[in-house]
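Please have the sequence and the structure at hand.

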Amino acid sequence: RDALLGRGSSALDFVVPRDAIPLTFRLADSIGAPAFVLDDERDTGRIVLPAEGTMLDFARYRDSDLFADLRDRDFTINALAMPATARTREAVIDPANGLADLESGLLRLAHAGALERDPVRALRGIRLATVLGYSLTPDTQAAVREAAPRLLETSAERVRDELVKIVQAPAVDQGIRQMQDLGLLEVVLPEVAALAPVPQSKPHHEPVLQHTVSVLRWLERLDKAL
């Protein structure tokens, strides 16, 4: 995805039919780089290249084959792959029609049950939309609203990690606003969501939450200017 968008990436993901962890350590040994197990149950390993600031992740197919693996991803633009030796756009494997969404600037769920399996993907969708300047499709927006309450059932650490990435992303005000519009803010940051109806006296001209979001927008502009 990032290569097609002309964006740099500090992480490369490789998927193999089997024995991803042994492959990780064999490759790490051959290039003299540190490696460790990310997830033993899911057969996932990582090689760290400190000098390049890059990570290489190796994982076993999530399903029976590569196409099934890609169809089980979160969003269509993340359901893209290509052979490790390929160099042209024509080699892209695209079972979920992600290339069309990539070109149209749309963020669409790869399948109907994507958020049922992992509600944290709802926050990831907000982050991707904010970072890439994309729009969530109406069906995806509806699914995010429905999945929002289930974030309370997931790991607080994973929710925190996605929230931090949203705050660190460009256009953070848009990310927070989308979280509010789609019902995520009241689940993840209920104290902040409660500010929405609170009025302010003059010279303020916005309710407290909108004022806070405006502050985030101006802080980002100030940071860029400095």
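## Terms and basis

A residue is called buried under 20% relative accessible area, exposed over 50%, and partly exposed in between (1.4 Å probe, protein chains only). The model is predicted: local features need pLDDT of at least 70, side-chain atom pairs count only at pLDDT 80 or more, and totals for chains, interfaces and linings use all residues. Residues are numbered from 1 along each chain as its sequence is written, and side-chain values use heavy atoms, leaving out hydrogens and water.

Leu222 is partly exposed, at 47% relative accessible area. Leu222 sits in helix α11 (residues 208-225); helices are DSSP runs of H or I with at least four residues, numbered from the N terminus.

## The largest core

A nonpolar core is a set of buried Ala, Val, Leu, Ile, Met, Phe, Trp, Tyr and Cys residues joined through side-chain atoms within 4.5 Å. The largest one has 38 residues, of which Leu123, Leu151, Met179 and Leu184 touch the most other members. Helices that each supply at least two residues include α5 (120-132), α8 (172-181) and α11. With seven residues, α5 gives the most to this core.

## Helix α8

Val172, Asp173, Gly175, Ile176 and Met179 are the buried residues of α8. They line one face of the helix, because they fall within an arc of 160 degrees seen down its axis (the arc is that of the directions from the helix axis to the C-beta atoms). These buried residues pack against α5, α7, α9 and α11. Just after α8, Gly183 has a positive phi of about 80 degrees.

Note on methods. Contact means heavy atoms within 4.5 Å.
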